[in-house]
Amino acid sequence: MNIKYLLYAALTELQKAAKGALAGTEIEVIADTINRFAIYSAVASAVAMFPGPAGVIAMLSQCGLVWGTYLAINKHLGISLKEEVVKFIGSAVLTNLATAATTLVASYVGATILSWLPFANLLAGVLIAAMGYVLIYLSAIVYLNILTKVMRVKGSFNLDQSQATKELIADVVSETDVKGIIKEGTQLFKEAYKNGEFKAARKNPTCPYCGETLKEGQKFCSVYGNKLN
């Protein structure tokens, strides 16, 4: 099953749970936003080309992009959550995914080891780029499922930094076909790679937060002020 289909399915379920409250939401726009973050995450993973703990560095930069993805989704859906709550949710999601997605974690560890080996850093970079790309789609689908579940339980998007929220996130991740999404996401990465989407992104980089074309050496988003990789 195509990962974009899973994304649209998650958005559709959220629409149903919200009972029309998100009727004006443009699903295509949200899907495009998530894809932009995924491409940016893959391109930003060029750090894995350098020797050392590259996999860990790339993972940390991609974690920041997960939070950014959530903030962008909230903006499109008109959901008001404090940034610290979004980061709390993102961290909890990533913690649970690290337990559920051994393939994902192994890839980061493998890339770190490969980056020390002669002529292997190119392979490490591609490996990290693929996992960074997949991670954005996976975490976005999980987040949409979290929003759907909390709406059905509470009738609102009332999420906070509590143990109950952690337990809800753990339940959603356990109900998610993580391995299936990773498999489909990897296939989509291959297609995007063949289509030249990553080359185009490197040639004409855009801010994942606002979509504006980045100037050479720009380190922060000109609209939101977010740090760029």
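**Aromatic cluster and helix content in a predicted model**

In this predicted model, ring pairs join Y133, Y137, F189, Y193 and F198 into a cluster.

Biologist: How many aromatic pairs does the count come to?
Modeller: Rings pair if their centres lie within 6.5 Å. By this rule the count is 7.

Biologist: Are the planes of F189 and F198 stacked, tilted or edge-to-face?
Modeller: A pair of aromatic rings is described by the distance of the centres and the angle of the planes. For F189 and F198 the centres are 5.0 Å apart and the planes stand at 35°. Planes under 30 degrees apart count as stacked and those over 60 as edge-to-face. The angle of 35° therefore makes the F189 and F198 pair tilted.

Biologist: What is the centre to centre value for Y193 and F198?
Modeller: Y193 and F198 also form a tilted pair, with 45° between the planes. Their rings lie, centre to centre, at 6.4 Å.

Biologist: Is F198 buried or exposed?
Modeller: Buried means under 20% relative accessible area. F198 has 4%, so F198 is buried.

Biologist: Which helix holds T148?
Modeller: The chain has 9 helices and 0 strands. The one that spans residues 121–154 includes T148, and this is helix α6.

Biologist: Which residues does T148 touch, not counting those up to four places away in sequence?
Modeller: T148 is buried, at a relative accessible area of 4%. Contact means heavy atoms within 4.5 Å. Outside its sequence neighbours up to four places away, T148 touches A10, E13, L14 and A17.

Note on methods: Residues numbered from 1 in each chain as written. Predicted model: local features only at pLDDT ≥ 70, side-chain atom pairs only at ≥ 80, totals over all residues. Heavy atoms only, no water. Helix = DSSP H or I, 4+ residues; strand = E, 2+ residues; numbered from the N terminus. Buried < 20%, exposed > 50% of the residue type's maximum accessible area, 1.4 Å probe, protein only. Phe/Tyr/Trp six-rings, centres within 6.5 Å; stacked < 30°, edge-to-face > 60°.
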